Amino acid sequence: MTRFLGWTAPLALVLLAGSSAAFAHAMLVHSSPADQAVVRSHQVDIALDYDSRIEASRCTVKLSDAAGKPVPLQMEHSAKPSELNAVAHGLANGKHQIHWQVLASDGHITRGDVTFTVAAP
């Protein structure tokens with residue numbers, strides 16, 4: 001019995017240590033614009049960076065104005081497998097919300113919002 005316990009504890013530690021990486025979701029670690037930022041331009045470059053690889057072709061990024069009306073986005077290619085990029089042109093002054101949904105390479109979906117304000121001359 002002692003010999004059984006002697007090798008099961010290290011095995012359990014190895015399995016538990018690896019499990020967090022195996023079941024990780026893609027969490028947003030940086031956004032541009034940042035949440036609650038004030039942007040001084042009617043054109044906004046959007047970059048959403050996650051803590052793990054995402055399946056960009058199966059992710060969505062939507063932009064809406066203060067009234068909830070959809071605003072067109074031009075999606076752009078990113079060289080980083082953990083980032084989504086887009087550009088919004090001709091934004092009116094006021095609050096805007098980016099709504100994102102990503103599929104991580106592990107198959108888990110995460111979603112969230114980033115709010116910013118356009119205050120351009």
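The model is predicted, so I took local features only at pLDDT of at least 70 and side-chain atom pairs only at pLDDT 80 or more, while totals for chains, interfaces and linings use all residues. Residues are numbered from 1 along each chain as its sequence is written, and side-chain values use heavy atoms, with hydrogens and water left out.

**Terms.** I took helices (H or I, at least four residues) and strands (E, at least two) as DSSP runs, numbered from the N terminus. Two strands pair if DSSP finds at least two bridges between them. I call a residue buried under 20% relative accessible area, exposed over 50%, and partly exposed in between (1.4 Å probe, protein chains only).

**Strand β3.** I looked up the burial of β3, residues 44–50. Of its 7 residues, 6 are buried, so the strand is largely enclosed by the rest of the structure. I then listed its partners. Strand β1 (residues 28–32) is joined to β3 by 4 bridges, and the two run antiparallel; Leu28 stands opposite Tyr50. Strand β7 (residues 83–88) is also antiparallel to β3, with 6 bridges. There, Val44 has Ala88 as its bridge partner.

**Open sheet.** I read the strand order as β2-β9-β8-β4-β5, an open sheet of 5 strands with mixed pairing. Its edge strands are β2 (37–39) and β5 (70–71), each pairing on one side only. Within this sheet I checked β4 (residues 60–65) against β8 (residues 94–103): 6 bridges join them, antiparallel. One of the partners is Gln97 in β8, which bridges to Ser64.

**Loop between β1 and β2.** I checked the backbone here. The peptide bond from Ser32 to Pro33 is cis, with omega near 0°, and Pro33 lies in this loop. Gln36 is in the loop between β1 and β2 as well. Gln36 is not a glycine, yet its phi is positive, about 70°. With a relative accessible area of 52%, Gln36 is exposed.

**Aromatic pair.** I searched the whole structure and found 1 pair. The rings of Tyr50 and Trp100 have centres 5.1 Å apart and planes at 70°, so I noted the pair as edge-to-face. It links distant parts of the chain, Tyr50 in β3 and Trp100 in β8, 50 residues apart. The criterion covers rings of Phe, Tyr and Trp (its six-membered ring) with centres within 6.5 Å; planes under 30 degrees apart are stacked, over 60 edge-to-face, the rest tilted. Both Tyr50 and Trp100 are buried.
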